[in-house]
Amino acid sequence: MIVVMKPHYTPQQLEGVVNAVKAHGLTAHITYGVETAIVAAVGEFHIPSLDPFEILDGVESVKRISQPYKLGSRQVHPENSVFPIDGFNVGGSDIAIIAGPCAVESKSQILETAHAVREAGANALRGGVFKPRTSPYSFQGLGEEGLEYLAEAREQTGMPIVVEIMSQTQLDLMLNYVDVFQVGARNMQNFNLLRMLGETRKTVLLKRGLSATIEELLMSAEYLLAGGNKQVILCERGIRTFETATRNTTDINAIPVLKNLTHLPVILDPSHATGQADYVTAIARAAVAAGADGLIVEVHPDPARAVSDGKQSLKPEKFAEMVKQVKAIAEVMGRRIAPIGKPVAVGW
Ligand code: PEP
Ligand code: MN
């Protein structure tokens, strides 16, 4: 249920609504607008009539939330969520370009890549240190050593770092290093992990599961939002279909559909979506043209020798060309690639 306050409501009236929500065993989440405020009441909802809320002082209207996801819906929060990642804002007119290798392999590899992608216009660095590999015999990541190299890359380039978390046991260690937690496709429905990240106040980049529907992605985001973490970025990374010409099939529809259903920023990963470096730039352009708020792209200085996902990794010069093309599309869309600098927080 959402309770919309009248313009010029008083703090006491808002408090009265929040108390009534709590008295029904629900949790109140407030979104402040310019003149009004929306109180979303979420929890197990067994209220037969909305009358007890409609008669409260300062209340303009009361509606049921039609979707199963609540806090992520546009009904609860009509405006786009815009929030700072260390260095720039995401979700507003700026486009995030997160780039780096699939996995951190060595100090020299991540430092070289970080400088190259920064030079080309990236505003955040990605790099996995705990890798979700299909085979237990494949390289599993450098762990804390990799986090140290990433921290040094951040120090040298000023770019925030985005790193995948696979398990609750990695949280304490990673909190000391990362700016954005990536939740990978394979963990999109790891609800315990999501609940735990919902309690942190670090940005979470939530990737769509291999066979997850858009609604399932939004329900997973709801776990993060319900815990009070409002800094959630959704990521389309291709889904499994009958098509075998590419690693996955880019669901480009997901971009406008998600932008319509949710206020959360939406980005696209053209690397995992296609699985082949030759197709990455075209799909990166398409994503920004479709309204994506950013991209996450795999870049490696020597893809042929990469320990993971070399086939889909761009060489730095190809990445620089991709950024140039994406920049042109962004301009057509009235947007720009976020420069690194002190962000101005606009709020949730
Ligand atoms: C990755 O980003 O390297 C990764 C493993 O992605 P996904 O979870 O989308 O497969
Ligand atoms: Mn990868």
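The donor residues of the manganese ion (ligand 2) follow the spacing C-x169-H-x25-E-x10-D along the sequence, and the model in which they are found is a predicted one. The protein donors are Cys102 through SG, His272 through NE2, Glu298 through OE and Asp309 through OD, and they lie 2.1 to 2.4 Å from the manganese ion. Because cysteine 102 sits in the loop between strand 7 (94-100) and helix 3 (107-120), while aspartate 309 sits in the loop between strand 14 (294-298) and helix 11 (316-332), this pair ties together parts that are 207 residues apart in sequence. Cysteine 102 counts as buried because its relative accessibility is 4%, where buried means under 20%.

Ligand 1 is surrounded by 13 residues, and the closest are Arg126, Ala185, Arg186, Lys207 and Arg237. By class, this shell around ligand 1 is made up of 7 charged, 3 polar and 3 nonpolar residues.

| Residue | Protein atom | Distance to an oxygen atom of ligand 1 |
|---|---|---|
| alanine 185 | polar backbone atom | 2.7 Å |
| lysine 207 | N or O atom in the side chain | 2.9 Å |
| glutamate 298 | polar side-chain atom | 3.3 Å |

Taken alone, ligand 1 exposes 300 Å², of which the protein buries 97%.

Methods. Residues numbered from 1 in each chain as written. Chains lettered and ligands numbered in written order. Predicted model: local features only at pLDDT ≥ 70, side-chain atom pairs only at ≥ 80, totals over all residues. Heavy atoms only, no water. Near = heavy atom within 4 Å. Polar contact = N/O pair within 3.5 Å; in protein donor to acceptor, adjacent residues only side chain to side chain. Areas by Shrake-Rupley, 256 points an atom, 1.4 Å probe, with all protein chains shown as cover. Nonpolar A, V, L, I, M, F, W, Y, C, P; charged D, E, K, R; others polar. Donors = N, O, S within 2.8 Å, 3.2 Å for Na, K, Ca; no water. Helix = DSSP H or I, 4+ residues; strand = E, 2+ residues; numbered from the N terminus. Buried < 20%, exposed > 50% of the residue type's maximum accessible area, 1.4 Å probe, protein only.
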